[in-house]
Amino acid sequence: MSKPRVGVFVCHCGSNIGSIVDVPAVAAFATGLDNVVYAQEHKYMCSDPGQEMIRDAIKEHQLNRVVVASCSPLMHEPTFRKTCDEAGLNGYLFQMANLREQVSWVTEDKAAATEKAKVVVRAAVQRVADHTELHTTTKPCTPATLVIGGGVAGIEAALQLASSDTKVHLVEREPSIGGAMAKFDKTFPTLDCAACILTPKMVQAYTHPNITVHAYSEVVDLSGYVGNFQAKIHHKASYVNNEKCTGCGACLQKCPVKRVPHEWEQNLMNRRAIYTPFAQAVPNKPVIDAQHCTMLLKGKCGICAKVCEAGAIEYDQAPEGTYETIDIGNVIVATGMKTFDPTPMKALGYGRIPDVYTALEFERMCHASGPTEGHVVKKTNGVLTHGGAAPKAVALVHCVGSRDKNYNEHCSRVCCMYSLKYAHLIKEHVPGCEVYDFYIDMRCAGKGYEEFYNRLLREDVRFIRGKVAEVNNWAIYPEEEGRLVVRVEDTLVGTTRRIPVDMVVLATGLEPAEGAKALAQTLHMSCSNDGFYLERHPKLAPVSTATEGIFVAGCCQSPKDIPDSVAQGAAAAAQAIAMIKRGTVEIEPTTAHVLEELCSGCQICIPLCPYDAISRDEERRLAVIEPAKCKGCGTCVGACPSSALQQWGFDDKQIYAEIDGILANA
Amino acid sequence: MTSYAYYPGCSAKATGASYEESLMAVARVLGIELEEIDDWNCCGATAYFSVREKLAMAISARNLALAETQGKDIVAPCSACYLGLAKANKYLKEFPETREIVCGALKAAGLEYNGTVEVKHAVEIFVQEPMLSQVKAAVKHPLTGLRVAGYVGCQMVRPYGFDDAEYPVALDTITTALGATPVPYPMAARCCGGSQIMTNEEVALRMSKNVLLAAEKAGADCIITTCPLCHMNLDMFQAKVNAHFGTNFSIPVLYFTQLMGMAFEASGLGIEKNLVGPSAGLAAHM
Amino acid sequence: MAEKLKIGIYWAASCGGCEIGILEIGDKLLDLIEVADLVFCPCILDFKYDDVRAMPDGYIDVCLFNGGIRNSENQEIAELLREKSKVMVAYGSCASEGGIPALGNLFSTDDLLKRAYTTETTDNPVGIIPGPGHSVEEGELHLPTVHDRVRRLSDVIDVDYFMPGCPPTEIQTWAVIQAVASGNLPPKGSKVGVGDKSVCDECDRERRGVKIKKFFRPHEIIAEDGWCLLEQGILCLGSATRSGCEARCIDANMPCRGCYGAAGESKDQGAAMLSAVGSMLAADSIEKAEEIVKSMVDPAGTTYRFGMAESMLVRHFPERGQG
Amino acid sequence: MASFEPRIVAFLCNWCSYTGADLAGTSRKKYNANVVAIRVMCSGRVDPEFVFRAFEKGADGVLICGCHPGDCHYIDGNHKTAGRYPMVRNMLEQFGIDPKRFRLEWVSASEGDRYAQVVNETIETVRALGPLEWPKRLNESDTASPA
Amino acid sequence: MKPDFLEEIYEIPGGENIKDCIQCGTCSGSCPAAPNMEHTPRQIIAMIRAGMRDEALASNTMWMCASCYMCQSRCPSQIKITDIMYALKRVALAEGKAQPKASYMAQVFVDNINTYGRNDERMLIFNYYLKTNPGKFLSYAPIGMSMISKGLLSMGAPERIKNIDQIRKIVAYVEKDGTA
């Protein structure tokens, strides 16, 4: 290729770079570097005028290489590649120097920052001289999307996709879709019934011709690449043939094993060994719990089979279940959250004092089909029945396991609002009941939320600003006898108080769902420090991930309320649809390739490739790389002992040039 | 046989004498060697720590240094001493600047400490296996039917310590091992007023009262303690509590080692030195 | 008939094996005598340096120079022979890559001399360590200065051709002589009688994709025939070594020791070997890797057995080299 | 040797460590300016030749950062890096380069603080070791003049 | 010259955590002595951060602290509250702002240790009440007598540890260091 003519464009990024790095000095320095024929600065290189400047310079000075020294390549590399292409210069004859995220923002001393900036620019200039033209390849995109998680976010995403005629595989590990929202009684701030608004969506999703619901199933592997993923789905053994089952429910009535703790009901009541988690379950197909079914355990019973007219019971299903591999173009992860288990916070008495409840337990208590048929009552001899005595006073304790460095540092965002909801529900269910709401800060950011708070203030709820220090059940003063005592500082008054109540509801915070980390590893996604999934950009790409073609929605990304989860579900769907409607995906050209005249077929590389992209051509005794399979990690290139493997865009020469550029005057 | 560097603490040589006597008696039975640290000094205790932080660490560290020469872990029966020594030990490891000053001070006194010593509370050495089984085995006279409120107070479990900071179980474990019955005792880890007894007597007495009240409600025949200061507040000042609040508690307060001694039928437990006389329930076993 | 070809053969820091290598051409020697005269070869015939100094420049047609540059004498004669020779061939691994003597580059000259002259294997009661200008009762001895490091011939003079190998095979040797005789020479600077690929290209052992759990030195294990030695934990340098030897050592069930130097475009034989073998460990953590690597004795000595003078870290011209 | 400013070359994998380094920036964590990063797609791309090259060209220290084991965007590229690491350290030691000048650390995309901390630690370690000046050492050390 | 108040607090090991306080009141709610404090522990932290130096130092709060560490073990921001109380005592003493009665005890205790190496409870009680309230001393007579009768109070003279000089050297070293 003709002698490099490099143009260097240094960005002030307003004051982000300019206030620390002496941009003119850097530009001047660049002018003096080998191969540099033009260097210029600009306030905002990514702005239209900025890009225009680059395009003009390319033409005017016949530049055949471009270096933009601005922000991180992860931010604007695509932007400037496009700029070059528009000026007729191949976008890969371009290199970015990261002066913002890795120089100006992290360096205190201005002189040091400017010096480092020069070094970074010099490295980029030396590197770009060795760049070669590259071209992205396009691959067809499989017109189907995998949605992992059948909560409200996943359902919304699935429905949006389906309505655009995209095939959807909706995978839910529980026997029914619906997720957390299906457990809720009312929803804040409108107080409309969760089931009433969710159930239709669940049914719609299940019956939609474009949606295949894989309930009681989990994604165990994902291979392939954007546009052409293969997902392996594990269907757990339910011992019920869903094709045959009519959902008549006869088996549910007749099963003699009645004392199985009902997880879905927060173990506040029992279920049978064959069960559906709740009445409106979708699909309405029971599953048999192999840990408790006497037929499966001891080979005795078989009643459900007897009563099943459809003959849908199959005790002989393989216990390990079945596996299915599906082709999809992209993936939406909507695996939701779990609520904090307050047992370790001994001071709050959960697990020790019967009438201390978690938020979800209380949610079920309020629910008409819950353990108390919707009555707010105390336990009788440790058991919850609708016949129990109503409390005279209830304490709502905010920030349990949230905003607490001993457990979770983050704010769970929804606890304030659902606590207000509970306050209202208690007043509604138990007229005259005192409600104490203990909060640190009342966080009501959302449409109609503050209004809801104001409404509750009028409903005579006793709001006390102070984190509950302790809940105990031993009296010191007569009025405390036989009741629970909440110890707290009323911080607005500045005095400590002992407040007797009959029931305590802990506003337990939100945590990443069970197995979130494992799934992240299966899908090669990252988690942030709080364990929730890491989005590509907190502001600009909130539902994308670092992995092309994998999107996130709902609480798996961070705690959210229902409207936000639904919005994200739709947003993720929009991105998935966009990709599928385009019909093709662009594959980065930065793959590994073989220099055949040097390759001796030693096969060091072959077992290193996690994607089986490398094979051996037996008669030519050479390694051969399948570009479509190669994801461009370069591990094989790093390993090749005779430098017979190279990676487009990251070959030895280019990286040597970068090293030398950094150390030029060492 | 297990062997420790024994750190008595100041009270053990005076008001807490019977704690030391009973501890030694029990240790003899179980074949635990407690070799008193030669020329030990005050642990720094709460009062000292509160007004001379680094200095307290330094003089506390002198004991650690002495124990290190014995090449043994320290056992401290007094919760305040336990915390004083443990805190010094912890901060020396965690905070370089503290380490610098303290080690400098030790050097000035011709001593050095390399952080190899572990600090254990007397309770700790009995509740951990295999010793717990040996305790069970050593019981000659099971204290069947005796209802015991196990009181550990604060500094054995907070801010460090080996037992739960809110609802500790170690003493109940021992009580059960002796054949007696631990009563549910919510005040087990609440403050007795300890260090306040002289400066803010009224406050301290109120705290002691609550501790005693809960024991009475739980129908305890006796309270067992793990610290001379707690013992002083609950036993010696029980009369003062009664006088002050018009209550009439008469709950015997024993060192947990005295209770163990009873079950072992060991002698020289100094039980007679406790001011509050034995309750009916307790007398039945004496 | 045309004038006979004038051949010069010299040994610098080397073992004499290369001369034997030349004899390996066997009865071709007779053909050689037909066309060539040996005008300088201290190993076989009695020459004085002055005889060489007396020669006119370019008098020697081809000089087969073996051995690396260890001391001032090696360098002086190298420079002298460069003047007197039309074609200068770095003959053998020592001249082209530093060879075995260059392993000394990992140590200081003092350590080397002490080791050579004072350890138990040397009978040296007074502990004399010879140096330039050493006086004995007969008078002053003038000995060459030992350099701090062995360098390649090409590091001190301009070399026309390289012929790696310890020693080079008779085929290579004969090929070069013929080339010079017939006058159709390959482009200057080329490595003659070798391939571009690695020894694996000439090796037929089977790769099974087995990861390495432990390293063995050749005497610690009897290698399974027909199976890649590297996968058996024997540090065979074949994959990082230039081809051309027909994998002779490996055919004898011994690992390749790397005498042809780095393969392909690789800049550094040792580093290249590490990158390959490091990627083959049965380890998913630094800790596990460290455990396995414990059994790898003397990595530098093993992976640079012949290539030390070529390695990046002890190469002579740090500022040169591809960038 | 009062104000020796070491030069550190850092190889960062694109998905975890380079992103983590960017996060350090967006959250304005300050760290020493003597480190310059080279972005590779995976730490597995880092050929030991790069490390040697950096020292040969005058680096005082070399840092490699990759995803935590199990988090690798390419499944297990970082395992290969882990495998090469101890070998390279041993080798450097044989060449008389203190292995403490060469460090491998796992830094995830969310560990901006950790990246800043790792960089500062590395620089302090290397600063304590003093300048390496490999090119200088090679040039000086020889008596003979090359042709 | 006095160090800045907050600096004084930051200086204690882990003291900087005071910056993390979210004013939730867990500390006060957990404190058995809070009802008797002029300001709750949470308020004291707020006052410190508001720079209300004199008010904070004049408060009885830290002198009421029974060192039960309940606040510290529950604090959601992992603030070493008890240590902060101690720091307040130190500053208050150093600047003579401490409530006299309260501060005597600690002072007596310290002198006690520095002279004998150990704490002789009799000297403690005696000296303390001598300084504060001699009359009160008599109220201890009954307890005192019963203790003597039980042999829990010896009548011997207080004794020093053998190497009291080591204590003196340690004290000297740390005090000159000025960070005691």
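This is a predicted model: local features need pLDDT of at least 70, side-chain atom pairs count only at pLDDT 80 or more; totals for chains, interfaces and linings use all residues.

Colleague: Into which domains is chain E divided, and how far apart do their centres lie?

Modeller: Chain E has domain 1, covering 5-94, and domain 2, covering 100-175. Their C-alpha centres lie 28 Å apart.

Colleague: What does the domain assignment give for chain A?

Modeller: For chain A the assignment gives domain 1 (6-134), domain 2 (144-178 + 187-231 + 322-336 + 519-584), domain 3 (237-320), domain 4 (338-511) and domain 5 (592-648). Over C-alpha atoms, the centres of domain 1 of chain A and domain 3 of chain A are separated by 65 Å.

Colleague: How is the size of an interface often given?

Modeller: It is often expressed as the accessible area lost when the parts come together. Between chain D and chain C, the buried area is about 3,500 Å², and carbon and sulfur atoms give 63% of that area. In chain D, the residues losing the most area to chain C are D:E49, D:M87 and D:F95, which together make up 19% of what that side buries.

Colleague: How many residues does each chain bring to the contact, and how many salt bridges and polar contacts are counted?

Modeller: Chain D brings 37 residues and chain C brings 51 residues. The count of salt bridges between chain D and chain C is zero, while seven residue pairs are in polar contact.

Colleague: Which element of chain D gives the most to the side that touches chain C?

Modeller: Helix 3 of chain D does, with 13 residues. The residues on that side of chain D comprise 21 nonpolar, eight polar and eight charged.

Technical notes: Residues are numbered from 1 along each chain as its sequence is written. Chains are lettered from A and ligands numbered from 1 in the order in which they are written. Side-chain values use heavy atoms; hydrogens and water are left out. Domain bounds come from an automatic or database domain assignment. Contact means heavy atoms within 4.5 Å. Buried area is the accessible area (1.4 Å probe) that two parts lose on being put together, summed over both. A salt bridge is a side-chain nitrogen of Lys or Arg within 4 Å of a carboxyl oxygen of Asp or Glu. A polar contact is a pair of N or O atoms within 3.5 Å; within protein, one must be able to donate a hydrogen and the other to accept it, and residues adjacent in sequence count only if both atoms are side-chain atoms. Helices (H or I, at least four residues) and strands (E, at least two) are DSSP runs, numbered from the N terminus. Ala, Val, Leu, Ile, Met, Phe, Trp, Tyr, Cys and Pro count as nonpolar, Asp, Glu, Lys and Arg as charged, and the others, Gly among them, as polar.
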